[in-house]
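The paragraphs below lead through one protein model, moving from sheets and paired strands to a pocket and then to a single residue. Please keep the sequence and the three-dimensional view at hand while reading.

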Amino acid sequence: MKNVFLSALIVFLSIGLEAQNIVNGTIINSKTGENLQNVSIKLVKTKSGTLSNENGEFSLSVPQGKNSLTISSIGFESKIIDFKIKQYETIELGRIFLNPVSIELEEISIISSLAEERKTPVAVTSIQSKEIENELGDRPFPEIMNQSPGVYATRTGGGSGDARISIRGFKQENIAMLLNGLPINSVENGLVYWNNWIGLTDATRQIQVQRGLGASNIALNSIGGTINIITKPSENKKGGSIRYLFTDYGNSKINLSLSSGKLKNDFAVTFLGSHTKGPGYVDATYVESYAYFLTISKGFGKNHRLIFTALGNPEKHGQRNFKLSKNEIDEYGDKFNKDWGSYNGKTNNASENFYYKPNFALNHYWNISEKSFLATSAYLSFGEGGGKWTESFNNAPAIFSYRNPSNQIDWNRIYNNNANNTEIYTLADGTDTSGYSLNVQTNFLASHVWTGLLSKWEYKANENIKIISGIHGRYFKSKLREKIRDLLGGKFFIEDYAWAVDGVAGRNQIKKTGDIIKINNGAIINFGSAFSQIEYSNGNVSAFLAGTISNNWYQRFDKYNYIKNTKSKTISKAGADIKLGLNYNLNEKNNVYFNSGYFSKAPYFKFVFGNYTNDPSKDINNEKLMAFELGYNYIANNTKIKLNTYYTYLKDVAFLSNEYIQLENNQQTRAMVTGLNALHKGIELEISSKINYSLEAGAVISFGDWKWKNNVIAHLYNNDNVIVDTVKVYADGLFVGDSPQTQIGLFTKYNFSENLFIKADWVYYDRLYADFNPATRNVENNNTQSYKIPSYSLLNIYLNHSFSILNTKANANISCFNLFNNVHIIRGEDGAKHNLEDFRGFWSFGRTFNFSLSIFF
């Protein structure tokens with residue numbers, strides 16, 4: 001009887017549900033492409049309504065017949081949609097675009113050059129804040145971009161925030177990283193240290209991945225692409241949230257968000273803060289981090305607005321920098337880390353990072369007239385911190401040569417060797433001394449000041465033509481020092497100045513804790529650029545022509561190598577680029593586009609002074625780029641198909657291997673390579689479809705063909721950054737490594753209700769080659785490819801539920817990364833035999849779980 005009643009109830013409920021007339025849709029910002037939540041959707045007839053959810057989606061029961069919906073949100077133009085619905089029918093309105101009307105919603109688009117669908121002729125993928133919040137978990141920030149074609153983002157050693165990203169086979173040095181339109185790549189080497197940006201996880205409103213040349217006028221290194229990170233604006237609504245996240249391996253994070261809402265005097269403040277702590281998944285990769293984000297917005301009438309933003313993340317975390325062999329993984333497991341050991345019961349990781357790099361920006365937006373708009377940003381960043389390092393005296397073995405039976409660093413033995421060292425050394429002044437440390441632990445310290453001004457002027461000449469012009473100026477000064485942290489049982493350390501240009505030169509050679517050794521230099525880099533762009537739009541056609549000229553002034557100072565004349569002469573290097581593109585909308589759903597460009601990119605500071613002295617490198621040329629791209633898009637209400645093909649030829653590439661990584665032994669070297677040429681070409685496909693209100697699915701496919709095209713000369717450096725050899729590198733025909741040339745990804749999302757969904761994403765990588773080692777590519781006619789890393793796939797699952805606790809909104813999320821526990825190689829360096837036996841690299845994490853709970857007020 002109970003089963004009969006239950007069955008009848010289910011049938012009754014099913015009939016009740018089916019007997020509704022339903023209208024569904026998704027609300028989207030027409031300018032940025034992001035999905036809009038909390039948008040009001042009201043039925044004109046009955047005044048009943050609903051709000052769009054976190055994904056911009058809504059579902060509303062409506063009466064049979066003719067109806068009208070009013071769609072409205074603060075800061076956007078309202079829209080009325082008329083429709084007719086039959087009894088028991090479900091209508092999909094698809095993507096509904098709202099136009100922003102306030103300066104605050106427009107300004108970031110002006111500064112950061114966000115691409116617009118069906119208008120800007122570039123390949124682009126956008127990622128919204130809710131995707132980041134629901135899916136990133138404890139992973140490094142770049143990994144959220146892995147469902148973009150041609151993008152490969154992974155951890156490196158496994159420390160918190162230690163990650164690397166590439167686009168179309170180009171590494172971070174050739175990918176422009178922009179924060180609200182301002183460049184954040186290192187001025188000296190183009191790298192991005194993601195551990196300094198942990199706070200972005202909570203502060204990001206949108207990520208726009210522009211593959212290829214990109215739409216930005218100031219992204220001068222956007223050879224592989226541009227990653228535009230847009231932070232959250234001041235909220236119009238007063239409120240806040242608390243979120244707690246923890247992992248099955250012990251890391252946890254707590255977040256606090258507060259917003260004043262938009263006050264009567266057009267003033268608003270939003271603050272985000274977080275604290276992260278835990279032991280890490282990999283041995284001795286502990287982390288403790290504090291992060292904050294503050295934005296203050298103040299309007300002055302209808303035509304002026306000031307926005308101040310501050311973002312910072314003081315942190316300390318253990319690292320795993322030494323690549324591992326297959327034998328080490330088999331014997332010790334995927335969590336093994338040989339960078340550390342114990343002493344007196346305490347962990348001492350020889351690879352530890354500690355840094356604090358706050359960023360401040362003050363933006364002014366001026367609506368001069370209906371035709372003219374000026375956006376100006378003044379920014380400041382300073383960094384302080386560094387990482388643990390080690391030094392050995394004379395020819396003493398490195399600390400990493402001392403191993404206990406567990407293959408960890410044997411700190412006890414190192415302390416005993418130093419404490420019992422009776423060797424006598426004669427100083428430069430003739431004094432005999434003993435009791436010195438053979439090995440010491442140091443802090444490799446890096447500090448900088450970075451400030452600049454960016455101003456963009458936009459002028460609408462008429463209905464069809466828009467002109468954008470601007471200037472960008474930047475000042476940068478850095479300082480590198482190495483300070484003794486721990487004498488490890490000895491009384492002092494001897495600085496022999498063996499590799500210093502001026503030698504001892506009367507300096508004190510006895511060094512104790514806190515004294516500077518080996519490194520005391522820095523860089524001064526001034527930069528200026530001017531750019532202009534003309535855009536044409538008429539009906540179905542939109543086009544642009546853009547150009548930039550720039551100049552860098554480099555100077556190096558060195559107080560270790562030199563006693564007098566510590567500054568180099570100033571070296572000037574100019575750069576330029578020109579880009580053009582055309583988009584044609586075939587109809588309301590189909591469009592095609594083309595873009596092309598030529599870059600002459602000035603070299604980074606590390607190549608200008610590649611000899612680690614104040615003598616500039618000879619014959620260092622600008623990197624030259626020639627690129628073409630052709631694309632097709634199909635964008636309907638519920639379906640997107642994006643297809644594009646690209647051709648990129650790069651000349652005079654330079655790179656430095658093993659950069660900012662300690663060398664494990666005296667046989668290892670760093671290689672400075674210049675003059676390489678490369679050809680990158682490929683095809684990319686991106687598909688997403690909202691099949692019905694409950695089900696979404698999509699795919700990404702990328703096939704690349706990336707090869708080095710010539711042979712070059714490389715200089716090999718020892719751990720003291722002194723040239724020990726010059727070799728011919730036979731690289732012609734080698735596949736570009738460190739990024740898979742085949743990528744296939746799938747995702748599906750099922751909404752059980754407005755408040756409960758499950759999502760899965762799967763990605764497959766193949767044709768992933770190890771980075772070639774220049775030191776082992778010195779045999780002519782040896783065209784053996786670098787070790788091909790085995791193909792692998794990853795499946796991640798996300799379950800998300802929104803609910804109420806005592807009339808307070810809440811959200812719970814469970815994520816499982818690497819569901820099938822597939823431990824695989826993700827990156828590495830080729831060996832002399834080009835096989836797994838002498839390959840050294842990093843393996844992935846196994847299966848992990850993240851749990852989070854958010855409460856909104």
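Two strands are said to pair if DSSP finds at least two bridges between them. With that criterion in mind, and remembering that this is a predicted model, one can turn to an open sheet of 5 strands, which follow the order β8-β13-β14-β11-β12 with mixed pairing. The edges of this sheet are β8 (123-128) and β12 (182-183), each of which pairs on one side only. Within the sheet, strand β11 (residues 175-179) pairs with strand β14 (residues 225-231) in the parallel sense, over 5 bridges, and Ile175 stands opposite Gly225 of β14.

Strand β35 is mostly covered, with 9 of its 12 residues buried.

Two or more lining residues come from each of β25 (372-392), β29, β32 (516-538), β33 (541-558), α7 (605-608) and β38 (670-690), and the largest share, 6 residues, is given by β32. Sorted by class, the lining of this second largest pocket has 19 nonpolar, 11 polar and 11 charged residues.

Strand β29 (residues 465-486) also contains Lys483, the residue with which this account ends. Is Lys483 buried, partly exposed or exposed? Because its relative accessibility is 28%, and the partly exposed class lies between the buried limit of under 20% and the exposed limit of over 50%, Lys483 counts as partly exposed. Leaving aside residues up to four places away in sequence, Lys483 touches Thr442, Asn443, Leu445, Gly514, Asp515 and Ile516. The C-alpha atom of Lys483 is separated by 8.8 Å from that of Gln441, a residue 42 positions apart from Lys483 along the chain.

Methods: Residues are numbered from 1 along each chain as its sequence is written. This is a predicted model: local features need pLDDT of at least 70, side-chain atom pairs count only at pLDDT 80 or more; totals for chains, interfaces and linings use all residues. Side-chain values use heavy atoms; hydrogens and water are left out. Helices (H or I, at least four residues) and strands (E, at least two) are DSSP runs, numbered from the N terminus. Buried means under 20% relative accessible area, exposed over 50%, partly exposed in between (1.4 Å probe, protein chains only). Contact means heavy atoms within 4.5 Å. Ala, Val, Leu, Ile, Met, Phe, Trp, Tyr, Cys and Pro count as nonpolar, Asp, Glu, Lys and Arg as charged, and the others, Gly among them, as polar.
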